[in-house]
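Below is a short report on one protein chain.

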Amino acid sequence: MTRKNKIFFVFVTFLMVFSLIGCSSKNKENNDDLAITSNMELIYEETISPNKEYAEKDDDIVNYTVEVYQDKDNIVLVNSKSNSEFFKPLQYELELNTNITKEDVDIEWMTLMGNPTSTKDDQLGIACVSISENRELVSKRKISFVNRAIEIIEDTLDKK
């Protein structure tokens, strides 16, 4: 079996396990980002749950959140968080020339297989965050909410 086939096999296996056990909620609040965002204005926030329809217990429900803040110097901070064990928080900054509004932010959610519609076997896990300034796109980035899971798969393959 080639390395490419092994990676594909592990990825497909992971997707099947991932969909069967939910997203393994860790149910804890992380306030580490509060110090960073305390002097910023929340411009946009969106939270989804990829497995709410499929979870057997409330404790298994996973939430993914993307927040967009801006400070008085027009620095934009995009903050992502989740209660999933498979997520490592991600944050990035943009330096803009003007203030943005909620209308300047667009988030498109997609599954790991790239579909905009979620199913039990192919749940949402990626947010594509677009930010515009003066109606011009200045940033478009993807945030993977299963980034730790991918690292675990890569580590497993490296050990073989």
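## Overall layout

The protein chain has three helices and seven strands. Helices (H or I, at least four residues) and strands (E, at least two) are DSSP runs, numbered from the N terminus. From the N terminus on, the order is α-α-β-β-β-β-β-β-β-α. This is a predicted model: local features need pLDDT of at least 70, side-chain atom pairs count only at pLDDT 80 or more, and totals for chains, interfaces and linings use all residues. Residues are numbered from 1 along each chain as its sequence is written, and side-chain values use heavy atoms, with hydrogens and water left out.

Of the 160 residues in the protein chain, 44% are buried. Buried means under 20% relative accessible area, exposed over 50%, partly exposed in between (1.4 Å probe, protein chains only). Contact means heavy atoms within 4.5 Å. Among contacts with a separation of 6 or more, 53% are between residues 24 or more positions apart.

## The four-stranded sheet

Four strands form an open, antiparallel sheet in the order E1-E2-E3-E4. Its edge strands are E1 (41-48) and E4 (90-95), each pairing on one side only. Two strands pair if DSSP finds at least two bridges between them. Strand E3 (residues 75-82) and E4 run antiparallel and are joined by six bridges. Ser80 stands opposite Leu90 in E4.

## Thr65

Thr65 is found in strand E2 (residues 64-70). Is Thr65 buried or exposed? Thr65 counts as buried because its relative accessibility is 8%.

The side chains of Thr65 and Thr47 are joined by a polar contact of 2.8 Å. A polar contact is a pair of N or O atoms within 3.5 Å; within protein, one must be able to donate a hydrogen and the other to accept it, and residues adjacent in sequence count only if both atoms are side-chain atoms. Leaving out residues up to four places away in sequence, Thr65 touches Glu45, Glu46, Thr47, Asn79, Ser80, Lys81 and Phe145.

## Salt bridges

A salt bridge is a side-chain nitrogen of Lys or Arg within 4 Å of a carboxyl oxygen of Asp or Glu. The count comes to two salt bridges. One joins Lys81 and Glu67, with the closest N and O atoms 3.0 Å apart. This pair links distant parts of the chain: Lys81 lies in strand E3 and Glu67 in strand E2, 14 residues apart. Lys81 is partly exposed at 27% relative accessible area, whereas Glu67 is buried at 3%.

Lys72 forms a salt bridge with Asp73, the closest N and O atoms being 4.0 Å apart. Lys72 is exposed, with a relative accessible area of 75%.
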